[in-house]
Amino acid sequence: MRSEKEKSAHEAYKKFLDIMLYDVPLKQLDDLVVNDVTGYGTTLDEKILEIERLRKLVIDQREQGAGYEMNFVINPVHRRINPDNGLAVFIDEIEISMNINGDKNIIPLRFSSVLELTNGSWKVVHLHGSVAVNTEGDTWHKEEHLRKIEELEKLVSEKTEDLLTKNRELEIEASLERVRTVAMGMNKSDDLLNICEVTFKEFKKIGFDNLRNAIIHILNDEKGFFLDYDYSDYLGGSINHINYNSHPVVEDYLRQIKRADDAFAQVVIEGTELDGWKEFRRSGGQVDDPKLDGIQSLYYYLFSIGIGDIGISTFNPIDDTQIKILKRFGNVFDLAYRRYNDIALAEVQAREAQIELALERVRARTMAMQ
């Protein structure tokens, strides 16, 4: 049988625990805790030397837990009550579960309290809370320390990778904007060489290390040829007239690029075919490229813009990431070239209207002659 003092100790502890875990009115704290109560919470700053600090700790807990679904499972570990000496010790293991954005977070808490019988009432004089960590067989928490270091290194690595990715994206966007600026300023077809030049230089800036040249093709299906505009830093710019059926490589490229308005053409020239391609360039009057001597393969990557295409040639294959970047450059040029075509068409129509007006004036004068 419990004595009345033991019963009252249990009642006082239960009321105190309710304040610590649930939204019980804080005014009851003065009746259950001595003014100079001491203790520690679960964090470094939760050091308690008087009742007001304990009150603030409880207020902080409630504010930080507001809006979360929380449940508590209390498992008594030890009870030691000495009514004659007026001391009681309560030790519990408390499983706290929180629902955070649909995920269940479980906190294993160890909580101990010392109560003292003062003027016929049991009051808490000391408390201590700690979170149990999974470091079985690791008394000095060496493995935990190494695990935390590993987690921190992983986090730093992820953040660094994310920062590098964002910086890379900024570099690409800056290059695209420089190409867009030149392309939007185009007012005659020969300006396509300027766009090849700025495109070549921007590709070099963002890591296209094996770049041979930057290319723009404008197709003319009616006459069966295309104009080849290309630029490299060692040959400069050139414009070449190439017939559709002039070489098997040209025919292969045309089959790929004319599949759709947004088609992608990839052509690899190697072996004996490369020797034939060099001879084709020379016989067609194209500028001799000494860098083609001694190579094993030549790669062309081109994105359609409907009336032609934009792309590059390289001495080594490019990866999928670089192909995606090339497509973005193609999209930028496509929009600018459409604008140029609209302006050019409007100018032609205006010029034709002026000519028609002048002819009409001449016709009117002729009809008025006696």
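Biologist: Which residues of α4 are buried?
Modeller: In this predicted model, the buried residues of α4 are E144, I172, S175, L176, V179 and A183.

Biologist: What span should helix α4 have, and how far apart are its end C-alpha atoms?
Modeller: Helix α4 covers residues 142-184, which is 43 residues. At 1.5 Å a residue it should span 63 Å, and its end C-alpha atoms are 62 Å apart, so the two values agree.

Biologist: Turning to the largest pocket, how much space lies in it?
Modeller: The largest pocket holds about 880 Å³ of space. Its lining consists of 36 residues, and those nearest its centre are M20, Q61, R62, M70 and I96.

Biologist: Which element supplies the largest share of that lining?
Modeller: That is α3, with nine residues. Elements that each supply at least two residues include α1 (4-21), β3 (69-82) and β5 (103-118).

Biologist: Now R281. Where is it found, and is it buried or exposed?
Modeller: R281 is found in helix α7, residues 272-283. R281 is buried yet has no salt bridge.

Biologist: Which side chain of opposite charge is nearest to R281?
Modeller: It is D288, 5.2 Å away. A salt bridge would need the charged atoms within 4 Å. Not counting residues up to four places away in sequence, R281 touches R212, Q286, V287, D288, D289 and L292.

Biologist: Last topic: what is the phi of N119?
Modeller: N119 has a positive phi of about 50°, although it is not a glycine. Most residues other than glycine have a negative phi. N119 is placed in the loop between β5 and β6, and N119 is exposed, with a relative accessible area of 79%.

Definitions and conventions. Residues numbered from 1 in each chain as written. Predicted model: local features only at pLDDT ≥ 70, side-chain atom pairs only at ≥ 80, totals over all residues. Heavy atoms only, no water. Helix = DSSP H or I, 4+ residues; strand = E, 2+ residues; numbered from the N terminus. Buried < 20%, exposed > 50% of the residue type's maximum accessible area, 1.4 Å probe, protein only. Lys, Arg positive; Asp, Glu negative; His and termini not counted. Contact = heavy atoms within 4.5 Å. Expected span 1.5 Å × (residues − 1). 1 Å grid on protein atoms, 1.4 Å probe; cavity = no way out; pocket = protein on both sides within 12 Å on 5 of 7 lines; lining within 4 Å. Points joined across faces, edges and corners; volume = space filled by probe spheres on them.
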